[in-house]
Amino acid sequence: MTLAEILASIEPGPHGWHTQIPTTWMQGRTSYGGFSSALAHHCARLTVPDAPPLRSAQIAFAGPMAGPVEIRCDLVRRGRNTIFVETRILCDGGVGFLATFIFVNPRKSTLDYEGVEVPDFGPPPAESETRSGPPQFFTHNLDYAGKRFALRQNTPELIDWHRIRERDGLDSMSELLCIGDALPPAAMGLTSENGNISSMNWQVNLLTTDPQTDNGWWLLSARTHHAHHGASSQYMTVWNSRMEPVMTGMQSVALFF
């Protein structure tokens with residue numbers, strides 16, 4: 001099933017929403033974080049269908065999730081322009097995912113400032129130059145250019161074009177949340193060892209109320225600014241195909257190497 005088909009198949013239950021995490025969206029023993037975030041955001045919108053555009057989200061990846069899950073959403077606060085919705089994904093009775101989605105109506109403002117640096121990076125790859133991951137891993141649902149990362153490169157930044165392969169019927173905000181976490185943690189570019197990694201949280205800020213791009217391509221960047229005692233902190237940015245910044249983020253990542 002495509003991501004759009006999975007979102008459309010979500011069913012209501014006595015305490016929340018129900019669906020199944022397919023093995024094709026797994027990342028090791030848990031679901032891929034972008035998929036979980038898109039799933040939670042979709043259920044938040046089902047719970048509050050008149051919510052304005054998403055502007056920010058605070059996400060915690062609390063535990064592994066696979067198979068059948070229950071998504072519970074609570075309207076925390078409704079203001080004149082802002083709505084807060086808390087979303088939890090439960091698997092086997094425990095919380096695996098926790099997020100607060102902040103939906104905000106656009107307001108008139110005298111301030112108009114753009115300070116996100118545009119990277120010196122080439123255009124999206126040609127169709128003949130893309131690759132995808134193996135069927136048992138979430139990257140099978142993505143197209144990207146070349147290898148996603150390489151060890152022993154001694155670089156704190158990973159950057160590359162990514163897109164979801166099957167996008168028909170998918171709303172742009174779910175698409176952006178799903179693709180926004182597709183890069184490996186940037187600390188992988190600083191190590192010479194293979195080892196396990198696990199994102200612990202994800203703070204995202206949307207820079208547009210209607211993210212759009214050409215042919216599905218988004219340029220993703222993750223840059224480590226600190227790594228110590230088995231944890232790293234990284235900044236993240238997403239641009240569309242016209243090199244317009246559409247989302248910024250920050251993650252704390254557990255490192256097991």
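Guide: A disulfide is a pair of cysteine sulfur atoms within 2.5 Å. This is a predicted model, in which local features need pLDDT of at least 70 and side-chain atom pairs count only at pLDDT 80 or more, while totals for chains, interfaces and linings use all residues. Residues are numbered from 1 along each chain as its sequence is written, and side-chain values use heavy atoms, with hydrogens and water left out.

Visitor: What keeps C178 from a bond with its closest cysteine?
Guide: From the sulfur of C178 to the closest cysteine sulfur, in C43, is 14 Å, again too far for a bond; the search of the whole structure finds 0 disulfides.

Visitor: What makes C43 and C178 buried?
Guide: Buried means under 20% relative accessible area, with exposed over 50% and partly exposed in between (1.4 Å probe, protein chains only); C43 has 0% and C178 has 1%, so both are buried.

Visitor: Why is the pair of F61 and F97 called edge-to-face?
Guide: Rings of Phe, Tyr and Trp (its six-membered ring) pair if their centres lie within 6.5 Å, and planes under 30 degrees apart count as stacked, over 60 as edge-to-face and the rest as tilted. By this rule the count comes to 6 aromatic pairs. F61 and F97 are 6.0 Å apart centre to centre with 65 degrees between the planes, and the pair is therefore edge-to-face.
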